Amino acid sequence: MSPADVLEPKFVELIPAEAQPGILYVSMTYATTAHLCPCGCGHRVVLPLSPAQWRLYYDGDAISLTPSVGNWDCPCRSHYWIRHNTIIWARRWSALEVDHARKHDAADLKSYYSRRLAGDAHPG
């Protein structure tokens, strides 16, 4: 398998058990996306959609996701953005940067769910 430069969006209710390379599966029903790592390693990447995790932008033709995707637990440790269906490779992060980002992400998620329980699900 070779690295993919483009992920074609495919809207589905359920993410298939066997993902195909080059496809970005989007389930609005379950607020999640999935794709195979574009480096070619075959790792399945699942990105939950929420104001505290990943946000999906769809213009009727192409999809962008934010923030970047860092596959830190995968042997390839790939890091990239998905912009207008295109993979934009980012630099590798150090272990210290990954640890800092994980702590920040965990705090954001905790804050989001605390606000949601209080009735205000919008990020602060």
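The model is predicted: local features need pLDDT of at least 70, side-chain atom pairs count only at pLDDT 80 or more, and totals for chains, interfaces and linings use all residues. Residues are numbered from 1 along each chain as its sequence is written, and side-chain values use heavy atoms, with hydrogens and water left out.

**Exercise 1.** Determine how many salt bridges the structure holds, and describe the pairs.

*Solution.* 
Step 1. Side chains of opposite charge can pair when their charged atoms come close. A salt bridge is defined as a side-chain nitrogen of Lys or Arg within 4 Å of a carboxyl oxygen of Asp or Glu.
Step 2. The structure holds three salt bridges.
Step 3. One of them joins Asp73 and Arg102, at 2.7 Å from N to O. Asp73 lies in the loop between strand E6 (63-70) and strand E7 (79-83), and Arg102 in helix H1 (residues 95-117), so this pair ties together parts that are 29 residues apart in sequence. Helices (H or I, at least four residues) and strands (E, at least two) are DSSP runs, numbered from the N terminus.
Step 4. Arg91 and Glu97 also meet in a salt bridge, at 2.5 Å from N to O.
Step 5. Lys103 pairs with Asp99, the closest N and O atoms being 3.2 Å apart. Because Lys103 and Asp99 are four residues apart in helix H1, about one helical turn separates them.

**Exercise 2.** Identify the residues of the largest nonpolar core that touch the most other members, and the element that gives the largest share.

*Solution.* 
Step 1. A nonpolar core is a set of buried Ala, Val, Leu, Ile, Met, Phe, Trp, Tyr and Cys residues joined through side-chain atoms within 4.5 Å. Buried means under 20% relative accessible area, exposed over 50%, and partly exposed in between (1.4 Å probe, protein chains only).
Step 2. The largest core has 16 residues, of which Leu24, Val45, Leu47, Leu65, Val69, Tyr80 and Ile82 touch the most other members.
Step 3. Two or more residues come from each of E2, strand E4 (44-48), E6 and E7. The largest share, three residues, is given by E6.

**Exercise 3.** Is Met28 buried or exposed?

*Solution.* 
Step 1. Met28 is found in the loop between strand E2 (23-27) and strand E3 (32-36).
Step 2. With a relative accessible area of 53%, Met28 is exposed.
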